[in-house]
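Take a look at the model below. The text after it is a guided walk through the chains.

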Amino acid sequence: MYIHATACISPQPTFNGDFFSTGAVINSGTHYMALEPDYMGSIPLGQVRRMGRSVRMATGAAMPLLQQFQVDGIILGTTDGGMGDCHRFLDQIMEYAEGTLTPTNFVQGAPGAPAGGLALMTRNSGYNNTHSNKGLSFENALIDAQLLLHEGVVRQLLVGCVEEISDAQFNIERVAGYVKESAGPAADLLGSRTPGTVNGEGAAMFILNAEPTGAYARVKDVATYSGDSMADLSLLIKEFITRNGLETTDVDVLLSGLNGDVRTDGLYEAGSQAMPDASVIPYKTLFGESPSASGFACWYAAQAIAGHRAPIGPITPAWPDPLRHVLVHNHFQGHQHGLILLSSVA
Amino acid sequence: MSKVVVTGMGVVSAIGIGVPANLQRLRAAQSGIRLPEHVGTRYAEHMMMGEVEASDADLFAQLNLADTHGITRTELLAFMAFREAVAQAGLTDTQISASDTALISATTVGGMVQAQALYDDAHAISNATEFAASYRSGAHTLRLAQGYRMRGYTDTINTACSSSANAIMIGARLLKAGRARRVIVGGTDSLSKYTVNGFNALQILSDVPTRPFSADRKGLSLGEGAAYLVLEREDDLSERKALACVSGYANRCDAYHPSSMSPEAIGVIGAMTGALQVAGLAPSDIDHVNTHGTGTQNNDYTELFGLEQVLGTVPPFFSTKSYTGHTLAAAGAVEAVFSILSILHGEVWPSLHFTSPIEGLHHSPNTQMLAGLDIRHVMSNSFGFGGNCSSVIYSKL
C-alpha cells in the first residue's frame, strides 16, 4: 500500500513544516510535549475547546487530510489516547466517593473516541476501528488497512496514531520504572546508560491506498512479534526482509526505536546484526517514547523517502542517498516488537 | 476460498463458568442479573448486575497460574474462557505458541478494574503497586500471550461495546488473507467502579434487571464476562470437526453522536447490510438474531428499527443481555458463543423481562423456549460508543 499524504503533530515542528527548514527542536527532560498548532481553519474554535487532548491532536492532524481526500474508512492506533480524561473521571469517582458525576470525561476517555470523532465530524459511515494494543497499536492499524485494501472492499483509508502524555499515565510509568529519574538534552538520551526513557506524544496521520501513482512512499510490509525470549529476533528480521523479495543489504536505513533505556536498548542490536550495512538512525530523540512511537517513525521515514530532510544536526543525522528501503524496528518495554518496511515508490 | 470455521469456544458469564453451564441457564430461562457480591462499588447495594459467581480467589484457585503477580479480574476471566476454547479446539501447547497462531482480544476496562491501585499509581502515592503494568489497554492480551508462550500476531481492539465483534472480524480476515493458520479471538471485561460510575453518569443504567425491547425498558444492566473462539480455515482441519462458520461480517460507523445512535440507524443498517453482502445471503436467510439489545431507550429502538429496515420480517430475536447483563467488550464474543449454541442445538431461548412492544415498531423479542428449529444463519449485532457498529453472521456447516 502507498502513502499519499501525511500530517503530523509531534514534539517537533512537523505540522507546519519548520522541521525541514529550521530544523529539529532539541527537547530536554522527561516530557517531550507536542507542539500543537492553533487549529484555525481545521477545527471550529468552539469545538477545539471542548475536545480532550487526544481527540484534538488527532482531529487537528487528520482534518486537513480529510478535507482534501475522500476516505472509505478510518483506522487509528492508540493506547494512551484519552487517558487524561479517563483519569480525570477516575479521580472524580475516588475523590467524590462515587457521587453524582458528569459523563464527559468518561466518554472522551474511551480510546475509540478519536476515530469515532473524526467519523462524526466528516460524516464518514465507513469502516472505523481502533487498535489499542500497547506498543503494537500502530502496526495493528497498518495491518488492518493492508487487509482491507487487499480485500478490495475499500479504495482509500485514513490510518494513524495518537498518544497523549497525561500526568496520571506518566506517574504510572514512572513508578513502574519506565521513565528516567532525570533526563538531559535529547542529544544525550541514547548515551545516558540509565534505566527508563522519556515520554512523547502527538498524532501522525496517513492517507493510504493501493495506487502507486503520485505516492510519497510505499508501506511494503508490516510484522509484529511478541514474547520475552527474542533470541532469534535477528533471524526473524532477516526472514521479514527476504519474504519481501529483498536482500538484507538492500535496506539503506534501520530506523531504530532506541530510547536510552539501558535495560532494553540492547534488543535493537538484532537489527544491526541482520543488516550490518544499514545506517542506524534513531527517532525517539526527536519524538520520545510512546506506545505508538512507530507511527512517528513511519512519518519520518516516508518524508525522508520523499526527499524531505531536516537540516543536519545533533539529533537529525544525514539520510543516505539514494534512499530506497527503510526498516522501522520498534519494541515496547522489551515485550512487543514491530517491523515496518517502507520503500520508495519507483 | 476456504470457510473460516469455529473449532473451539469458551465462555464465562453471570450465568455460568463454561459453555455447558451457560447453555443450561439459557434453557432454564434463568437470568444471572442480581445484587453483586464482588464488585467494589457503593452501587452494589441496590443495583443489580450480571456478575460472574466467583471471587477472584475462586478464579485463582481454578486456574492454578504459575505467575499471579499483578493479575486482575479482567485477566482471570480471560484465562478461564481462553483455556476452555483452546481445549475444545484440541490445540496443543506447541500449536498455541506457534508463530502462525494469532491472538486478537478486546477489553474496555482492562486493568482499570483495580481502581484503588490505579488511583494510587496514577498519583504516585508510594512505590508501584503490583498492578502498575496491568492498566493499559493491551495488557491482558500480552498477559495471555505470555501465559501461553505465544509469539505470533497479537492485537487488542477497543471500540467500546463492539470491541470483540471487531476482534472476531479481524481474526476471520487474517485467516482469509493467509496471515495466520489459527486465530484465537474474543474479549474480556469485568465489573468495575469505573464502568459502573461511567454508565451511571450517562443515566443509562436500569435499577431493575434490564428489559430489552420492552416499551417500559429503563436502561442497561452491566455485566462481566469473557469469551474466546478458536478460528481456523476449514481446509486445514482434516479429520477434526468444526462447530459453525463465520460467514459474514461488517463494521460501519454511525457518525452521529459520541454516545448515542442516529434515529435513522445509519451505522446499524450499514453493518447488517454489509455482513449479508460478505456472507452472500439474502435478508430472508437469517433465521435468528442475537441482538445487541442493551435495554436502553436509544439502542433498542434504533436496533429494531434497523432490523425491520434490513430484514423486513424479523425472525425470532432476543437479547442475551437479559441473562448476562452487558459485558461490554466481551459482549460480541459471549454472544458469538450463544449464537453458535443456537445453531448447534436448534434452539432460541426467551428474552427475559419483556412486557410490551415498542410503539411505532412491528416486532417483539422471542419470549418462548423454541426448540427443534433448523437454524442455518444467525446474525449477531454489537454497537458501541463513537458510533461503532458491527454485525457478524454465524452459519451452520
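Predicted model: local features only at pLDDT ≥ 70, side-chain atom pairs only at ≥ 80, totals over all residues.

Begin with chain A. Its secondary structure comes to twelve helices and twelve strands. The radius of gyration is 19 Å, close to the 20 Å that the globule rule gives for 346 residues, so chain A is as compact as a globular protein of that length. Along the principal axes, its C-alpha atoms fill a box of roughly 60 × 45 × 40 Å. Of the 346 residues, 61% count as buried. Residues 24 or more positions apart account for 79% of them.

The domain assignment gives chain A a domain 1 (2-209) and a domain 2 (217-343). Their centres, taken over C-alpha atoms, are separated by 21 Å. Across the boundary, 46 residues of domain 1 of chain A are in contact with 42 residues of domain 2 of chain A. On the domain 1 side, the elements that give two or more residues are β1, α1, α7, β5 (156-163), β6 (199-200) and β7 (202-209) of chain A. The largest share of that side, six residues, comes from α7(A). By type, the residues of this side divide into 22 nonpolar, 18 polar and six charged.

One residue of chain A deserves a stop. S10(A) sits in the loop between β1 (2-9) and α1 (18-21) of chain A. Is S10(A) buried or exposed? It is buried, because 29 other C-beta atoms lie within 10 Å, and 20 or more are enough for that label. Leaving out residues up to four places away in sequence, S10(A) touches A34(A), G202(A), F287(A) and F296(A). Q156(A) is another matter: it is 146 residues from S10(A) in sequence and 24 Å away in space, C-alpha to C-alpha.

Turn to chain B. It is divided into domain 1 (4-236) and domain 2 (247-395). Here, too, the domain centres can be compared: 21 Å separate them, taken over C-alpha atoms. The contact takes 59 residues from domain 1 of chain B and 53 residues from domain 2 of chain B. On the domain 1 side, β1 (4-13), α1 (19-27), β4 (49-50), α7 (163-176), β7 (182-189) and β8 (225-233) of chain B each supply at least two residues. α7(B) gives the most to that side, with seven residues. The side divides into 30 nonpolar, 22 polar and seven charged residues.

Within strand β1 of chain B, look for T7(B). T7(B) counts as buried, because it has 23 C-beta neighbours inside 10 Å. Its contacts beyond four places in sequence are A89(B), V230(B), E232(B), R240(B), A242(B) and L243(B). A89(B) is 82 residues from T7(B) in sequence, yet 4.9 Å away in space, C-alpha to C-alpha.

Last, bring the chains together. In the contact, 51 residues of chain A meet 58 residues of chain B. At least two residues each come from α4 (83-95), α5 (104-108), α6 (113-122), β4 (127-131), α7 (137-151), α8 (167-175) and β8 (217-226) of chain A. The largest share of the chain A side, six residues, belongs to α6(A). That side divides into 22 nonpolar, 22 polar and seven charged residues.

Note on methods
Residues numbered from 1 in each chain as written. Chains lettered and ligands numbered in written order. Helix = DSSP H or I, 4+ residues; strand = E, 2+ residues; numbered from the N terminus. Buried ≥ 20, exposed ≤ 12 C-beta atoms within 10 Å, placed from the backbone. Contact = placed C-beta atoms within 7 Å. Nonpolar A, V, L, I, M, F, W, Y, C, P; charged D, E, K, R; others polar. Domains from an automatic or database assignment. Rg over C-alpha atoms; globule rule 2.2 N^0.38 Å.
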